[in-house]
2 protein chains.
Amino acid sequence: MSGKRSLVRSGTTVDQMVRAIADRIVTGYLRPGERLDEASLAARFDVSRTPVREALGQLSAIGLVERRPNRGAIVAVVTQEHLASMFESMAELEAICARFSAERMTGAERRSLESEHQASARMVQLGAEEDYEYFNTEFHSRLYRGAHNTHIHDLTVATRSRLAPFRRAQFMLPGRLAKSWQEHDVIVTAIMRGDAAAAGKAARDHVSIVSEASAVFAAVDPVESRLTRYARR
Amino acid sequence: MSGKRSLVRSGTTVDQMVRAIADRIVTGYLRPGERLDEASLAARFDVSRTPVREALGQLSAIGLVERRPNRGAIVAVVTQEHLASMFESMAELEAICARFSAERMTGAERRSLESEHQASARMVQLGAEEDYEYFNTEFHSRLYRGAHNTHIHDLTVATRSRLAPFRRAQFMLPGRLAKSWQEHDVIVTAIMRGDAAAAGKAARDHVSIVSEASAVFAAVDPVESRLTRYARR
DNA sequence: CCAAAGGCAAGTGCATGCACTTTTTGCCTG
DNA sequence: CAGGCAAAAAGTGCATGCACTTGCCTTTGG
């Protein structure tokens with residue numbers, strides 16, 4: 001092998017592989033149903049099959065890939081039904097985070113939530129989808145952290161990342177940007193006045209709307225065809 | 001190696017290892033902070049280190065074990081704070097399941113929930129802790145399934161199993177058995193009349209009470225001493 | 001007597017190799 | 001020409017081996 005390790009990143013080779021593959025799945029570069037050949041991945045990342053296997057095992061443990069004994073691994077295929085259940089769960093989890101945030105956020109957390117939210121209004125005016133997407137992600141992360149509950153935070157982040165491939169195109173819908181900001185605004189207002197119930201409801205509604213927007217894409221997405229291909233085997 | 005495989009169970013060797021180790025952790029046979037030596041485990045289960053390593057990797061991916069690069073694995077240590085966050089999450093997750101159950105359970109599901117619940121009353125009268133514990137587990141599983149949401153089901157089951165070591169002794173508390181049944185009764189009644197809000201609240205309260213009961217044990221448990229041992233390293 | 005250095009044992013991380021399973025291919029038969 | 005079968009190819013599952021890291025213990029200089 002070539003000296004130390006070409007990818008100088010942190011952690012062991014396996015950790016790097018897990019992150020690398022998970023990233024490709026979450027960003028949609030690897031599509032549901034796509035075959036994950038151990039040898040190819042090993043060659044691609046210039047490591048032996050052992051760390052690849054371990055990485056695939058861990059990814060399958062967290063549900064990002066599906067492994068069939070002796071038959072290789074594929075990027076986890078998500079049925080319409082399961083997708084719906086994840087979106088519904090997401091709405092509930094976000095509702096919990098918003099409720100807790102309304103009750104528990106510190107003064108500093110409230111202030112930065114509000115100021116960043118106000119700042120993101122500019123992105124909406126400019127119609128800067130990508131910049132707004134960054135604010136949006138950050139906004140939701142603030143809610144998760146603001147809940148001051150590690151476990152809920154972890155569950156929410158994990159669920160969110162599994163939904164990432166299906167949320168991708170949502171901001172392409174005309175007017176979605178402005179609506180999203182409005183919905184955030186309702187959440188922020190409720191949190192600022194410590195109204196847990198209202199914050200929870202607003203967050204749940206917000207995700208539900210995103211869910212419906214994404215469902216449009218999911219239906220015509222390669223997911224279905226991959227599903228078919230998978231079932232055929 | 002001896003022929004096929006001595007542990008004839010289903011799945012690959014790695015799957016068996018994951019289940020075997022997870023089981024020992026969840027049942028409390030392996031205690032938080034305990035060292036998981038690859039070679040010892042390999043010898044113990046009569047396999048090579050490779051499947052053991054993969055199993056440990058997967059267990060660490062789902063949070064049951066903690067892995068420090070080059071420094072081996074230990075059974076995940078749960079701080080008091082994290083434990084509290086898991087109990088709180090559990091209460092919320094159960095509340096969601098109960099709410100959904102009230103809205104979505106089929107007639108058959110409702111009937112069997114109620115009849116099994118009524119049957120478990122006998123266990124309370126007889127003070128049969130172990131038998132009641134079986135009914136109790138089944139009762140909660142019914143709620144998770146009754147929610148008709150795969151993802152929530154999975155999150156709830158996973159969280160519950162991580163809490164298992166800390167719920168163990170709860171029924172030893174005098175009178176807990178009868179109180180538990182009463183609390184279940186409130187949940188069942190709410191579900192039977194389709195009152196989602198009441199079912200959710202009752203389920204949340206139920207778990208909160210269990211949480212408080214368990215906290216007593218957690219505080220004086222080996223968890224603390226293990227924590228100390230771990231920190232010392 | 002203590003602190004730093006160095007070496008040793010234990011243990012982890014990854015590469016490689018072989019056995020076994022699944023899938024594919026090519027040939028034969030009806 | 002479809003169907004079936006057998007052998008080869010491809011790919012997974014696990015064992016083994018070696019390099020490297022870590023923690024401990026001894027040694028040595030102050």
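In this predicted model, helix 1 of chain A meets helix 3 of chain A through residues including Met17(A), Val18(A) and Ile21(A) on the helix 1 side and Ala55(A), Gln58(A) and Leu59(A) on the helix 3 side.

**Helices 1 and 3 of chain A**
- Further residues in the meeting include Thr13(A), Val14(A) and Ala22(A) from helix 1, and Pro51(A), Val52(A) and Glu54(A) from helix 3.
- The axes of helix 1 (residues 13-26) and helix 3 (residues 49-61) come within 8 Å and cross at roughly 55°.
- The two helices are therefore oblique to each other.
- Their crossing is right-handed.

**Helix 7 of chain A**
- Helix 7 covers residues 150-167, and its 18 residues should span 26 Å at 1.5 Å a residue; the end C-alpha atoms are 24 Å apart, which agrees.
- Helix 7 bends by about 30° at Ser161(A), and the proline Pro165(A) follows within four residues.
- Buried residues of helix 7 include His151(A), Ile152(A), Leu155(A), Arg162(A), Pro165(A) and Phe166(A).

**Glu114(B)**
- Glu114(B) lies in helix 5 (residues 107-126) of chain B.
- Glu114(B) counts as partly exposed because it has 15 C-beta neighbours inside 10 Å.
- Apart from neighbours within four places in sequence, Glu114(B) is in contact with Val188(B) and Met192(B).
- Arg24(B) is 90 residues from Glu114(B) in sequence and 33 Å from it in space, C-alpha to C-alpha.

Conventions:
Residues numbered from 1 in each chain as written. Chains lettered and ligands numbered in written order. Predicted model: local features only at pLDDT ≥ 70, side-chain atom pairs only at ≥ 80, totals over all residues. Buried ≥ 20, exposed ≤ 12 C-beta atoms within 10 Å, placed from the backbone. Contact = placed C-beta atoms within 7 Å. Expected span 1.5 Å × (residues − 1). Bend = angle between axes of the 7 residues up to and from the residue. Axes fitted to C-alpha atoms, helices over the stretch in contact; angles between N-to-C directions. Parallel < 35°, antiparallel > 145°, perpendicular 65-115°, else oblique. Left-handed = near helix turned anticlockwise from the far one by under 90°.
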